[in-house]
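Subject: Handover of a structure and notes on its features

Dear colleague,

Please find below the structure that I am handing over to you. My notes on what was found in it follow directly after.

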Amino acid sequence: ALPILAFVGHAAELYSVGFITQLDNIIYDARLRFTMPGKVDERIVILDIDEKSLAVPELGRWPWSRDDISALIDKLYEKYGIGIVGFDVVFAEPDHSSGISVLDDLAKKELRDVAQFRAALESLRPKLDNDAMFARTIKGRPIVLGYYFSSAEDALESGALPQPVLPAGTFSGKNIRFTTWRGFGANLPELQASAAGAGHFNPLVDFDGVSRRVPMLAEYKGKYYESLSLAMVRLQIALQDAQEKKSAVVTLPPVQPGYPPDRFMTKGYAGLEWLEVGPVKIPVDDKVAAWIPYRGARGSYPYISLADVFADRVPPEKLKGKIALVGTSAPGLLDLRSTPVGEVYPGVEIHANMIAGMLDGTLKEKPPYMLGAEVFLLLLGGISLCLLLPFLGPLKATLVSALGVLLITGLDLVVWSGAGVILPLACSLLMTAGLFALNMSYGYFVESRSKRQFTELFGQYVPPELVDKMAEDPEKYNMEPRNAELTILFSDVRGFTSISEALKPDELREYINDYLTSMSGIIRSGHKGTLDKYIGDAIMAFWGAPVDDAQHARNGVFAALEMQRSEEHT
């Protein structure tokens, strides 16, 4: 019972065993890789700030000036007819590359009295204020900005957060373990005010450094903020709805928390199992995070270098109507992550996977109630094995345990592929293997002790193979008297008196030892007899006990004949 309770405690999150958690992660990753579609999804493109883009002289080093980015956005919408653009980068600092800050400083100091200079500066300001230009460029267009939250102890608040998708108090009274943060790095207020939406691009990084989930809602100071992928899906739904209704008004659908019916709720169950955004249902786990539905290795979505967009080298059909994410694959910009499908994986492609998974309804789910389901299955399987294995022999116990592993694995794959539910597997497999090992170890030690006892009791007199047979059913053999038909042999050395008189004491002892050893070997090993006693030079042995022997008379006679031949040749 103790091994079962140990695994149940981990599954119930009473404590955490790092090895089991890591094994579950390894199994999850293998299962994901085994069932990935592996095909390229052309609906979503990644506009890549790659090494080639960073090498374009006209653009310069990153971060690029906002007027260049504005020109790229104009080109994407006016020439290529892009659908939606989301930024996996933050515009947190003002852009002074035009020199406007220097001109403003001159207007306040050295040239403050020169009216012509001040008038010329004001007339040129719209062309020199790159941030205002960028804000005008994105205003009224389906563009989603990105930002990040920070959990560092010294985290600061930089920039302006968007409006929360759910206000403070939405989940009051519910025990939901939201991901919380200490600070954020967001976009300039004027940019945030002009954008159609914004979302955070923080994945959840497991203790092994791998990104497997993204929090759909992040809590900050009691309010709830959506992820970049969710913000883009909401905008996509709004655009499709407006197009169907032939309306110029684009209204973002609200985010609705999803709960099971009250009859399935218990007092301690938080109950938030999904989020609804229009027709899209997004399953979430106990941290309100969604599992990233990786399509395949890096490159499962088309990558288009921004250098090629800048130089007009991209065929229009590659971008027309597409959902686009602006991000980077350049190692120097530090947005490469470890994932189940690659150790060096661009973070921007994580958001592409999330968008595709939400639109297609292919997100796997691990709702909070799976904790109770795993505990129940562990108790059921563990108790069944504890009651069954002790009554089975080694072969049957091995077959039953192997069948248990196959059933557990098969159920897991069926639930994964059929219902899209993530069922933890490590505890069940380890518990099954552990109970089997304990049962086999106990049986081995009990059998070894039994054989040792029989060897000590009968080993000097009974052949080893008979001892092994007796140990298989020890209760059948004991020292109690019983009636049986046996063959008994008595033998001694002919002319022993004359021999003993001719030998010295040491020589006689050696002679007797050699003789008794040779004859005993013939009786025990050669013909499966049982030695009863030595009487000087005489030997008494019998056949038919303690193990029944239908050929006891034959074996006894043949033993006697061989002993006689052996003595004659000595």
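The number of disulfides comes to zero.

Please bear in mind throughout that this is a predicted model. The mean pLDDT of the chain is 86, and 88% of its residues reach 70 or more. Among the elements, strand S2 (residues 84–87) has the highest mean pLDDT, at 97, while helix H15 (residues 464–472) has the lowest, at 64.

Overall architecture

The chain has 570 residues, of which 46% count as buried. Its secondary structure consists of 18 helices and 22 strands. Of the contacts with a separation of 6 or more, 74% are between residues 24 or more positions apart.

Arg 66 and its surroundings

Arg 66 belongs to helix H4, which covers residues 66–78. With a relative accessible area of 8%, Arg 66 is buried, because the limit for that class is 20%. The side chain of Arg 66 makes a polar contact of 2.5 Å with the side chain of Asp 131. Beyond the neighbours within four places in sequence, the contacts of Arg 66 include Phe 91, Glu 93, Pro 94 and Asp 95. Asn 130, Asp 131, Phe 134, Leu 188 and Leu 191 are also in contact with Arg 66.

In the loop between helix H3 (51–54) and H4 lies Pro 63. A cis peptide bond, with omega at about 5°, joins Trp 62 to Pro 63. I point this out because most peptide bonds are trans.

Ser 150 is part of strand S3 (residues 143–150). Its relative accessibility is 19%, so Ser 150 counts as buried, given that the class requires a value under 20%. The side chain of Ser 150 reaches the backbone nitrogen of Ala 152 at 3.3 Å. Leaving aside neighbours within four places in sequence, Ser 150 is in contact with Ala 155, Trp 181, Arg 182, Gly 183 and Phe 184. Between the C-alpha atoms of Ser 150 and Gly 185 the distance is 7.6 Å, although 35 residues separate the two in sequence.

Two of these contacts of Ser 150, Trp 181 and Phe 184, also belong to an aromatic cluster that includes Tyr 147, Phe 149, Tyr 220 and Tyr 225. In total, the structure holds 16 aromatic pairs. One of them is formed by Tyr 147 and Phe 149, which are edge-to-face at 5.4 Å centre to centre, with 80° between the planes. Tyr 147 counts as buried at 0% relative accessibility, and Phe 149 counts as buried at 3%. Phe 184 and Tyr 220 form an edge-to-face pair as well, with 5.5 Å between the centres and 85° between the planes. Phe 184 lies in strand S6 (residues 183–185) and Tyr 220 in strand S10 (residues 217–220), so this pair ties together parts that are 36 residues apart in sequence. Phe 184 and Tyr 220 are both buried.

Charges over rings

Two cases may interest you. Lys 75 lies over the face of Phe 310, at 5.7 Å from the ring centre. The charged end of Arg 213 sits over the ring of Trp 291, at 5.4 Å from its centre.

Val 375 is found in helix H12 (residues 370–388) and is buried, with a relative accessible area of 16%. Apart from neighbours within four places in sequence, Val 375 is in contact with Val 8, Ala 11 and Ala 12.

Backbone angles

Most residues other than glycine have a negative phi. Lys 246, however, has a positive phi near 55°. This lysine is in the loop between helix H9 (228–245) and strand S12 (255–258), and Lys 246 is exposed, with a relative accessible area of 80%. Asp 312 also has a positive phi, near 60°. Asp 312 is located in the loop between helix H10 (306–310) and strand S17 (323–327); with a relative accessible area of 38%, Asp 312 is partly exposed.

With kind regards

How values were computed. Residues are numbered from 1 along each chain as its sequence is written. Side-chain values use heavy atoms; hydrogens and water are left out. A disulfide is a pair of cysteine sulfur atoms within 2.5 Å. Helices (H or I, at least four residues) and strands (E, at least two) are DSSP runs, numbered from the N terminus. Buried means under 20% relative accessible area, exposed over 50%, partly exposed in between (1.4 Å probe, protein chains only). A polar contact is a pair of N or O atoms within 3.5 Å; within protein, one must be able to donate a hydrogen and the other to accept it, and residues adjacent in sequence count only if both atoms are side-chain atoms. Contact means heavy atoms within 4.5 Å. pLDDT is the predictor's confidence in each residue, from 0 to 100. Rings of Phe, Tyr and Trp (its six-membered ring) pair if their centres lie within 6.5 Å; planes under 30 degrees apart count as stacked, over 60 as edge-to-face and the rest as tilted. A charge sits over a ring if NZ of Lys or CZ of Arg is within 6 Å of the ring centre and within 35 degrees of the ring normal.
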